[in-house]
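This report goes through selected features of one protein chain, and the sequence and structure are shown first.

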Amino acid sequence: MSRSAVLRAGSLAWLVFVWVLLWGNISVANIVGGLVVAVLITVLLPLPRVPVGGRIHLWSIVKLVGISLWYAAQSSVQVAWLSIRPGPPPVTGVLRCRLAIKSDLVLTLCVDVLNLIPGTLVLEVDQVKRTVYVHVLDLGTDRAVHQFHATVRRLERLFIEAFERPAEWAGDTPGTGDIATRKEL
């Protein structure tokens with residue numbers, strides 16, 4: 001089977017699985033109904049092809065998942081403390097971060113991880129300039145601002161290590177430059 005056929009079959013299987021989960025029981029009717037809906041979705045509403053370059057590095061992905069889970073747990077504790085501590089509400093704000101991530105797919109994954117961290121919400125992504133604008137719950141101190149930027153930089157580095165090492169990158173994304181020159185905040 002070709003790669004596109006495997007991806008298409010995987011998409012159909014995933015959509016059927018979600019359909020069966022939504023109905024709550026496994027039956028022939030639910031599986032057939034899910035297959036019909038999955039085929040209609042993939043034929044009538046096809047997703048655009050996303051160019052993928054580079055290779056996947058398993059150890060880097062393991063590190064990325066571990067660090068992402070750590071940030072989510074750490075942030076959850078911070079948000080819980082902010083909600084029950086005495087005193088005024090925390091100072092919030094929107095911070096801008098430029099990223100050196102070249103691939104649109106990897107940029108989307110990074111934005112998704114940033115959104116999964118409690119206390120943060122990506123408000124806007126400038127695809128051409130590779131800039132994200134993130135609402136952050138606690139910006140009361142300079143240390144908190146620096147901590148947020150350090151978190152984004154670490155996630156960015158891990159995503160690049162996991163998916164798009166510069167020596168292996170063959171993609172062409174407009175508006176991106178050399179990784180070494182893209183470290184401004």
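## The second largest pocket

Helix H3 gives the largest share of the lining of the second largest pocket, namely seven residues, and both helix H3 (58-84) and helix H5 (142-163) supply at least two residues of that lining. Helices (H or I, at least four residues) and strands (E, at least two) are DSSP runs, numbered from the N terminus. The model is predicted, so that local features need pLDDT of at least 70 and side-chain atom pairs count only at pLDDT 80 or more, while totals for chains, interfaces and linings use all residues. Residues are numbered from 1 along each chain as its sequence is written, and side-chain values use heavy atoms, with hydrogens and water left out.

The volume of the second largest pocket is about 540 Å³. Among the 22 residues lining the second largest pocket, Ser75, Gln78, Asp138, Ala144 and Gln147 are the closest to its centre. A pocket here is an open set of points on a 1 Å grid over the protein atoms alone, where a 1.4 Å probe fits, with protein on both sides within 12 Å along at least five of seven lines; lining residues have an atom within 4 Å of a point. A volume is the space filled by probe spheres set on the points, which are joined across faces, edges and corners.

## Salt bridges

Four salt bridges are counted, each being a side-chain nitrogen of Lys or Arg within 4 Å of a carboxyl oxygen of Asp or Glu. One of them joins Lys63 and Glu161, whose closest N and O atoms are 3.6 Å apart; this pair links distant parts of the chain, with Lys63 in helix H3 and Glu161 in helix H5, 98 residues apart.

## Arg130 and its partner

Asp104 forms a salt bridge with Arg130, with the closest N and O atoms 2.9 Å apart. Because Asp104 lies in helix H4 (residues 104-116) and Arg130 in the loop between S2 and S3, the pair ties together parts that are 26 residues apart in sequence.

Arg130 is buried, at 0% relative accessibility, whereas Asp104 is partly exposed, at 32%; buried means under 20% relative accessible area, exposed over 50%, and partly exposed in between (1.4 Å probe, protein chains only). Arg130 is not a glycine, yet has a positive phi of about 55°. Most residues other than glycine have a negative phi.
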